[in-house]
Amino acid sequence: MHFGRKTLTRYTIEQEHRHPGVSGEFSSLLNSLATAIKIISNQVNKGALIGALGNAGTDSASVNVQGEVQKKLDVMSNDVMLQENEWSGNLSGMASEEMEDVYVLPTHCRRGKYLLVFDPLDGSSNIDVNLTVGTIFSILRAPNPGKDATLEDFLQPGTQQVCAGLALYGPSTMLVLTTGDGVDGFTLDRDIGAFILTHPQMRIPDDTHEFAINSSNSRFWEPPVQRYVTECLAGQTGPRGRDFNMRWVASLVAEAFRILTRGGIFMYPKDSKDATKPGRLRLLYEANPISFIIEQAGGKSTTGRERVMEMSPTELHQRVPLIFGSKNEVERVAGYHAEYASGKEPDTFNSPLFSTRSLFRTQ
Ligand code: MG
Ligand code: MG
């Protein structure tokens, strides 16, 4: 049954042969990453059987650098990512959502030419309720190969990524990858312990009838996002002239995979809920790798004001607004931001007639 199907190992070696300048280090790095993902998948899958659910440590010890409650599986997944990748000789440093500072490799490990930055378990608030979670990673070139990486080494714009991937621990375990040559999806075949290429060259439809946003924050949104969502909700009777569906899984990897599969738009926009946070999602290990994958599949990704991958990072754990998905809808939302900034919003948006249609009318 598996004859002729392409494993991840074969895929990476064939890619290497197609690009003569590429060394074996890159496929070896992907191989160790795939092993880490299989181990995490196994732990997530076993769940309560291995005591993996619930919060890590005592209440005060279980808050990570983001001020978020750490789950046991957050800590376990982070440890797996570090342990499976540090010895490979391909990396000069790692950084993770779960660690405040850059991770320095143990002294006995050889330093290599890449940097790895990751969210070891994305959507971890979904673990205890048995919904899809995942791992997100981004690979950058080390500015000083062979030497320990510094914090500054990681502060590269997303356009500099050499690879980005997301693993999905859902009904199937999947790995979605880009090296800047389109997006390929693999499904883990547990019987043979290998990822098999099942979704070659994924493409996001340019148009969509589906949007995803956490509406409980609507009163904190900026006017361009209010306008976009209000128009979607108005459906056939509004300016869009057609009905929309809403989805919200509260798991970035699951939302991204749905959009990769059938289109859609995801928004975690800038809001006024907490003035100290310009957005919710983290640039280096969430927004950038997701944006790279989405753009490589023909979609778009913006903060509303600029292309995510062109931002110059200033901090390891920097947060940004993130709006991505089907090209035409993302362009529309970005256009609404531009109109708002230039004061050229249509009058209809502020008219009483329009307001009566809005479910999000605040006064
Ligand atoms: Mg996350
Ligand atoms: Mg996480």
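Two strands count as paired if DSSP finds at least two bridges between them. Keep that in mind for the sheet, the last stop of this tour. The model is predicted.

**Stop 1**

Select the magnesium ion (ligand 1). Its protein donors are Asp119 (OD), Asp122 (OD) and Glu286 (OE), at 1.9 to 2.2 Å. Along the chain these donors are spaced as D-x2-D-x163-E. Now colour by secondary structure. Asp122 belongs to strand E2 (residues 114–122) and Glu286 to helix H7 (residues 283–296), so this pair ties together parts 164 residues apart in sequence. Check the surface there: Asp122 and Glu286 are both buried.

**Stop 2**

Keep Asp119 selected. Asp119 bridges the magnesium ion (ligand 1) and the magnesium ion (ligand 2). The two ions lie 3.7 Å apart.

Which residues coordinate the magnesium ion (ligand 2)? Select Glu97 (OE), Asp119 (OD) and Leu121 (O), which sit at 2.0 to 2.2 Å. Note that Leu121 contributes its atom O. The spacing of these donors reads E-x21-D-x1-L. Glu97 lies in the loop between strand E1 (91–96) and E2, while Leu121 lies in E2, so the pair ties together parts 24 residues apart in sequence.

Are Glu97 and Leu121 buried or exposed? The cut-off for buried is under 20% relative accessible area. Glu97 has 5%, so Glu97 is buried. Leu121 has 1% and therefore counts as buried.

**Stop 1: the aromatic rings**

Show the rings next. The whole structure holds six aromatic pairs. A pair of this kind is described by the distance of the ring centres and the angle of the planes.

Pick Phe266 and Phe324. Their ring centres are 5.0 Å apart and their planes make 25 degrees, so the pair is stacked. The cut-off for stacked is under 30 degrees. This pair links distant parts of the chain: Phe266 is in strand E10 (residues 265–268) and Phe324 in strand E14 (residues 322–325), 58 residues apart. Phe266 is buried, at 2% relative accessible area. Phe324 is buried too, at 0%.

**Stop 2: a charge over a ring**

Jump to Arg227 and Tyr336. What lies over the face of Tyr336? Arg227 does, at 3.6 Å from the ring centre.

**Stop 5**

Move to strand E8 (residues 210–213). E8 and E10 pair in the parallel sense, over three bridges. Select Phe211: it stands opposite Ile265 in E10.

Now bring in the helices.

Terms used
Residues are numbered from 1 along each chain as its sequence is written. Chains are lettered from A and ligands numbered from 1 in the order in which they are written. This is a predicted model: local features need pLDDT of at least 70, side-chain atom pairs count only at pLDDT 80 or more; totals for chains, interfaces and linings use all residues. Side-chain values use heavy atoms; hydrogens and water are left out. Donors are N, O and S atoms within 2.8 Å of the metal (3.2 Å for Na, K and Ca); water is not among the atoms, so sites may look incomplete. Helices (H or I, at least four residues) and strands (E, at least two) are DSSP runs, numbered from the N terminus. Buried means under 20% relative accessible area, exposed over 50%, partly exposed in between (1.4 Å probe, protein chains only). Rings of Phe, Tyr and Trp (its six-membered ring) pair if their centres lie within 6.5 Å; planes under 30 degrees apart count as stacked, over 60 as edge-to-face and the rest as tilted. A charge sits over a ring if NZ of Lys or CZ of Arg is within 6 Å of the ring centre and within 35 degrees of the ring normal.
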